[in-house]
Amino acid sequence: MKFHYHPVLLEPLVLIVTACLCATTADLGVWMGAGRRAIERAWATDATFAVTLTGSLVGSGWKAFDQFALPRFLSESLQHLEQSQAGDDNGELPIRIQILRVLAELAKNGSLKDTDDAWRTRFAVWLQAWLSDFQFNDFSVCIIIPEVVKFLTTRISQV
């Protein structure tokens with residue numbers, strides 16, 4: 001089931017959820033209850049919304065991110081990367097590019113240091129397969145290459 005909203009409302013919805021979670025910094029009960037359910041519901045209903053929300057929470061510096069949002073993002077993002085196809089963008093930025101942007105930010109913040117070897121291996125396999133199938137065209141040169149370079153250079157600087 002997909003969470004239905006007009007595309008114009010994506011950013012305001014993400015900002016509202018982010019503000020609600022960040023405004024309750026002293027209330028672990030809210031994070032564990034409503035916050036966790038909001039993140040789970042986002043992933044269960046709309047991956048684009050969930051990835052955008054994750055990016056917003058990373059950017060906001062939400063103190064509970066590593067505990068409540070990161071584990072779900074890591075598992076779900078790999079599934080979406082492995083399932084995404086080149087022609088699935090529907091005029092929007094493909095979800096794999098959005099995921100790579102969030103991963104780049106997580107790498108920059110040091111949040112990926114504790115990922116397990118299984119996750120790293122799966123991601124490396126996906127990345128290698130994706131890059132081996134890479135084709136140059138207007139879209140890839142303008143959007144994809146800068147994002148991959150940004151991600152890889154951020155990741156290398158963290159090692």
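Predicted model: local features only at pLDDT ≥ 70, side-chain atom pairs only at ≥ 80, totals over all residues.
1. From α4 come Phe-65, Leu-70, Phe-73, Leu-74, Ser-77, His-80 and Leu-81, and from α5 come Ile-95, Arg-96, Ile-99, Val-102, Leu-103 and Leu-106. By class, this contact has 10 nonpolar, 2 polar and 1 charged residues.

2. Two packed helices are described by the angle between their axes and the distance between the axes. For α4 and α5 the angle is about 140 degrees, and the axes are 11 Å apart. The crossing of α4 and α5 is left-handed.

3. In soluble globular proteins, nonpolar side chains tend to be buried together. The largest nonpolar core here has 34 residues, and those with the most contacts inside it are Trp-62, Phe-65, Phe-73, Leu-103, Leu-106 and Phe-123. At least two residues of this core are supplied by each of α2 (28-45), α3 (47-60), α4 (65-83), α5 (95-109) and α6 (117-132).

4. Phe-65 deserves a separate look. Leaving aside residues up to four places away in sequence, Phe-65 touches Thr-54, Leu-57, Val-58, Leu-70 and Leu-106.

5. Thr-115 sits in the loop between α5 and α6. Is Thr-115 buried or exposed? Its relative accessible area is 11%, which is under the 20% cut-off, so Thr-115 counts as buried.

6. The side chain of Thr-115 has polar partners. One of its polar atoms lies 2.9 Å from the backbone oxygen of Leu-112. The side chains of Thr-115 and Arg-120 are joined by a polar contact of 3.0 Å. Not counting residues up to four places away in sequence, Thr-115 touches Leu-74 and Arg-120.

How values were computed. Residues numbered from 1 in each chain as written. Heavy atoms only, no water. Core = buried A, V, L, I, M, F, W, Y, C linked by side-chain atoms within 4.5 Å. Buried < 20%, exposed > 50% of the residue type's maximum accessible area, 1.4 Å probe, protein only. Helix = DSSP H or I, 4+ residues; strand = E, 2+ residues; numbered from the N terminus. Contact = heavy atoms within 4.5 Å. Axes fitted to C-alpha atoms, helices over the stretch in contact; angles between N-to-C directions. Left-handed = near helix turned anticlockwise from the far one by under 90°. Nonpolar A, V, L, I, M, F, W, Y, C, P; charged D, E, K, R; others polar. Polar contact = N/O pair within 3.5 Å; in protein donor to acceptor, adjacent residues only side chain to side chain.
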